[in-house]
Amino acid sequence: MMEPYLKLTSISKNFNGFYALKDIDFDIYPGEVHCIAGQNGCGKSTIIKVISGVHQPDDGGKIEIEGKTYTSLTPIKSVRAGIQVIYQDLSLFPNLTVAENIMINVYHSKKLRDSQGMVLEAQKVLNSMESSISPSELVENLSISKCQLIAIARALAENAKLIIMDEPTASLTHNEVEHLLSYVKLLKQKGIAIIFVSHKLDEVLEISDRFTVLKDGKLVTTCSAEEMTTQRLSELMTGQNITFNPLSTSFSNEVVLECEHLTKQGQFYDINLKLHKGEVLAITGLLGSGRTELCLSLFGLNKQDSGQISIAGKPVSFKNNREAISAGIGYVSEDRMGTGLVMEQPIIDNISSTQFKSLQPRLGLFQNGKAIQMVNKLIEQLKIKVGSPFDPVNTLSGGNAQRISIAKWLATQPKVLILDSPTVGVDIANKSGIYNIIKDLSQVGVSIIIVTDEIEEAFNNSHSIAIVSEGRIKEHVNTSETSPERLSEVIYA
């Protein structure tokens, strides 16, 4: 019988009295794709850091790699044993070539003193992956999906036997995801073990041989893919039966926002849309189709070349986002950690940042009590799990941080709320919570635009769907009159 490449026995990790991991057993075999699943905060990141030598397990735990026993690992020992981690940010150097990025960690050990030798070695790795990417291309010129392949190639250049992929598909389109999964299958055929971590349950069900589910730092179960379904996985991860309640089919006839022949050269063309009071409109399509650029124009951050935006029947011409906010538009950015929130700053400061003027009286003193009252009300309304409103945002899970992003704009009492990729990097329970927030806001008359790559997300959480392709609306349909299969056909035709 084949022996596991990696075996963890009774692994625990305690941080100041809090167990991030408690008595975890885990193993993975050569050529196996093993999914570690669980909500944010379940221990996934901690177990990855134990395997990669970043964290040392508590006494009593044992790590075995190819039959050799370790009480703990260091990052160097882990890499030498054949373990490579590809994090979501990929850690590539955009100003260097593909070859330089692939060979950067083995340059000296292979004594590749000339660029030609480095290119040849990089080309060998690319050939083994059946990739046509040029080793001389600058990484900054590559798409995110090709950058994923460069990160995999770099791991292979270091003779990886186990590759850990942490949220590898979070920023990829449907076609790019399929491409990446085909490479994962190729790695599997080569006998390389893969630990796959993703919030996208359909992907892990497609690619994984086994599942290990964690909850609150404890092992829930390890089972084969044949024993797992989306519903079963959701229940194991959350400890509850997650249901997605449908939207109310009715909304007002009152038009809150209208676009007529909106055009921005090189981004979007002749956009015509009407958004009614209480309506949820999903905008979907491939990445690069102009969806986000259109929404930024509605928010005053990307001035259109021609066409007209109207709010409540009155034409507007926003010079900046402050004017859009005054007109009742809020925008939750796709990049919550980069542009949406100041992660190191307190929750109260992030939520109240859009209301700073109203909370600052004439004497110039910030009304802290009023801010706390407003923030606590929003925390309760959105069911945000926080220790204190004065904690930094970076102490929260991804799902709760996203709710802070939404709370920040709800503080402005918007007429229109734009949510750009609101559930990227969010676990199943928090996805359900965000969908319920959207439904609740719709019922009280807030009009919502959701930008999403996920067809099921668009279909299950909107009244109407606009499919954008190459900057144009390819089709605009009532959700009740279409299906996910039909949407997929239009998007990927």
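A crossing of two helices is right-handed if the near helix is turned clockwise from the far one by less than a right angle. The views below show close-ups of a predicted model.

**Figure 1. Packing of helix H4 against helix H5.** In this predicted model, H4 passes H5 in a right-handed crossing. H4 spans residues 115-128 and H5 spans residues 144-157. Their axes lie 10 Å apart and meet at an angle of about 110 degrees. Angles of 65 to 115 degrees count as roughly perpendicular, and H4 and H5 are therefore roughly perpendicular to each other. On the H4 side, the contact involves Val125, Leu126 and Ser128. Their partners in H5 are Ile150, Ala153, Leu156 and Ala157. By class, the residues of this contact of H4 with H5 comprise six nonpolar, one polar and no charged.

**Figure 2. Packing of helix H5 against helix H6.** The axes of H5 and H6 come within 10 Å and cross at roughly 15 degrees. Because angles under 35 degrees count as roughly parallel, H5 is roughly parallel to H6. H5 passes H6 in a right-handed crossing. From H5, the contact draws on Ile144, Ser145, Gln148, Leu149, Ile152 and Leu156. H6 contributes Glu176, His179, Leu180, Tyr183 and Leu187. Seven nonpolar, three polar and one charged residues make up the contact of H5 with H6. Leu156 of H5 takes part here and also in the contact with H4.

**Figure 3. Packing of helix H14 against helix H15.** The axes of H14 and H15 come within 9 Å, and the two helices cross at roughly 20 degrees. H14 and H15 are therefore roughly parallel to each other. Their crossing is right-handed. The contact is formed by Gly399, Asn400, Gln402, Arg403, Ile406 and Leu410 of H14 together with Ala429, Asn430, Gly433, Ile434, Ile437 and Leu441 of H15. Classified by side chain, the residues of the contact of H14 with H15 include six nonpolar, five polar and one charged.

**Figure 4. The largest pocket and its lining.** The volume of the largest pocket is about 1,400 Å³. Its lining consists of 45 residues, and Asn40, Ser45, Gln88, Met337 and Gly425 lie nearest the centre of the pocket. Two or more lining residues come from each of strand S2 (18-28), helix H1 (44-51), H5, helix H11 (336-340) and helix H14 (398-410). H1 supplies the largest share of the lining, five residues. The lining of the largest pocket holds 18 nonpolar, 17 polar and ten charged residues.

**Figure 5. The second largest pocket and its lining.** The second largest pocket has a volume of about 880 Å³. It is lined by 31 residues, among which Asp202, Lys431, Glu454, Glu456 and Glu457 lie nearest its centre. Helix H6 (174-189), helix H7 (201-207), helix H8 (230-238), helix H15 (428-443), helix H16 (455-460) and helix H17 (484-492) each give two or more residues to this lining. By class, the lining of the second largest pocket has ten nonpolar, ten polar and eleven charged residues.

Notes
Residues are numbered from 1 along each chain as its sequence is written. This is a predicted model: local features need pLDDT of at least 70, side-chain atom pairs count only at pLDDT 80 or more; totals for chains, interfaces and linings use all residues. Side-chain values use heavy atoms; hydrogens and water are left out. Axes are lines fitted to C-alpha atoms, for helices over the stretch in contact, and angles run from 0 to 180 degrees between N-to-C directions. Helices (H or I, at least four residues) and strands (E, at least two) are DSSP runs, numbered from the N terminus. Angles under 35 degrees count as roughly parallel, over 145 as roughly antiparallel, 65 to 115 as roughly perpendicular and the rest as oblique. Contact means heavy atoms within 4.5 Å. Ala, Val, Leu, Ile, Met, Phe, Trp, Tyr, Cys and Pro count as nonpolar, Asp, Glu, Lys and Arg as charged, and the others, Gly among them, as polar. On a 1 Å grid over the protein atoms alone, a cavity is a set of points where a 1.4 Å probe fits but cannot get out, and a pocket is an open set with protein on both sides within 12 Å along at least five of seven lines; lining residues have an atom within 4 Å of a point. Grid points are joined across faces, edges and corners, and a volume is the space filled by probe spheres set on the points.
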